[in-house]
Amino acid sequence: MGIIVQKFGGTSVATDETRLNVIDKITAAKEKGENVVVVVSAMGRKGSPYATDTLLSLAPHLGLREKDLLMSCGELISACVLASQLTEKGHEARVLTGAQAGIVTNDNFGDANIIAVNPGEITSCLADDVIPIITGFQGISESGNVTTIGRGGSDTTAAIVGEAIKADGIEIYTDVNGIMTADPRVFPQAKVIDNISYSEVFQMADSGAKVIHPRAVEVARRAGIPLYIKNTFSNDEGTAILHCPKYESTVLEGEVCKVITSIAHKNNRIQFILEQSSMEDVTIFPLLADSGVSLDIINIFPDKKVFTVDSKHFNGVVKVLEQCNIHYTAIKDCSKVTLIGERMTGVPGVMAKIITALQNENIPLLQTADSLTTIACLIYRKDLERAVDVLHRIFEI
Ligand code: ADP
Ligand code: MG
């Protein structure tokens, strides 16, 4: 008998009715003879009564330690409600908080790192043939404080638990049919990808594809456990994330269109332009780093500096620039569109194709960045849908 970790996101555990689909997934795996370990997120999405943001809005003046305590309640409520419904259907379940599941973190409230997992309670549930339901997104620090591990953290909980109990598979259940070639909310014609490598999904997740948290992909890759993204509300196969063999064929001339496998995006970008800026102005970068601002895209020229940040860092950047008496222009409401493809390394003409396509659609390109396997373009948010549409088309993704 194998062990499967099944993680259910907010929309999956939102109502009595949706939880029936969750119970179907759990029981189907058990009927196949699997041991099932369940990880849940808080119920519903933004605006739902027990969603993380709603809980936070109840107590806006809390300090970091208490904020983590409050946020951790969302998953606890969700786990208890699911356990109750499982009991009603005749299945024995035991709710485990992060602490009870043995998830030990550092003390970095709100974005804690998991440093150890002691899965004794989980394995004893399985030995008793009881379904463990673990509250996602949280752990306990060595000093005994409840901590949370950052938004999207339940995916990481599932992966790290899977690693600790040597699971045979980690299934992430959500509201789409798998990993798609672009976010279906921005590009409804996006297609489901059947198989994809850890590294490619990591790039997608890191570039903003919210369907899976990048840390979860990293952990699953490290443990060598297959990760599946599936729809709670369908019986589709979903996406399998594995160590895919390296592409064997080299890209031939004229095949530039086949090198991109997906497009991801991040909204809420703000671009800062420092015109007439001198070489000495580079001193702002250590100051920005010290104030916790992480830069997204950055380009430095002798007489000009351009960088992009998440809008949450806007005030932090403005403070540093004003402190240093530096004039700037800020362009708000930008989006970063990233094209991902492991085969693009060394293929000429990819960037040229992007620039031409955006120009033909009258979409201004504000900034670019590239790595071996990604090309990112900063554009206005209002152009996002059109940009993803044209790029998806010209690269025949
Ligand atoms: P959950 O609450 O189940 O964790 P999330 O909202 O975190 O769900 O993730 C699922 C959402 O991810 C989908 O509804 C979809 O809009 C979004 N998404 C973004 N990029 C992609 C992609 N490439 N493939 C599939 N879904 C994506
Ligand atoms: Mg998620």
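Me: Which classes of residue make up the shell around ligand 1?

Reply: One sorts the neighbouring residues by class. In this predicted model, the shell around ligand 1 has nine nonpolar, four polar and six charged residues. Of these 19 residues, Arg45, Thr174, Met180, Asp183 and Arg185 come nearest.

Me: Which side chains have an N or O atom at 2.9 Å or 2.8 Å from an oxygen atom of ligand 1?

Reply: One looks for pairs of N or O atoms within 3.5 Å. An oxygen atom of ligand 1 lies 2.9 Å from an N or O atom in the Asp175 side chain, and for the side chain of Asp183 the distance to a ligand oxygen is 2.8 Å. The backbone takes part too: a polar backbone atom of Met180 is 2.9 Å from a nitrogen atom of ligand 1. Taken alone, ligand 1 exposes 570 Å², of which the protein buries 92%.

Me: Is His392 buried or exposed?

Reply: Buried means under 20% relative accessible area. His392 counts as buried because its relative accessibility is 5%. His392 belongs to helix 11, residues 384-394, and its contacts beyond four places in sequence include Thr181, Ala182, Phe187 and Ile263.

Me: How many residues has the largest nonpolar core?

Reply: In soluble globular proteins, nonpolar side chains tend to be buried together. Here the largest nonpolar core has 43 residues, and Val5, Val37, Val161, Ile170 and Ile212 have the most contacts inside it. Among the residues that Val37 touches are Val5, Ile122, Leu126 and Val161. Another core, of 28 residues, lies apart from it and includes Val186, Leu358, Cys377 and Val388.

Conventions: Residues numbered from 1 in each chain as written. Chains lettered and ligands numbered in written order. Predicted model: local features only at pLDDT ≥ 70, side-chain atom pairs only at ≥ 80, totals over all residues. Heavy atoms only, no water. Near = heavy atom within 4 Å. Polar contact = N/O pair within 3.5 Å; in protein donor to acceptor, adjacent residues only side chain to side chain. Areas by Shrake-Rupley, 256 points an atom, 1.4 Å probe, with all protein chains shown as cover. Nonpolar A, V, L, I, M, F, W, Y, C, P; charged D, E, K, R; others polar. Helix = DSSP H or I, 4+ residues; strand = E, 2+ residues; numbered from the N terminus. Buried < 20%, exposed > 50% of the residue type's maximum accessible area, 1.4 Å probe, protein only. Contact = heavy atoms within 4.5 Å. Core = buried A, V, L, I, M, F, W, Y, C linked by side-chain atoms within 4.5 Å.
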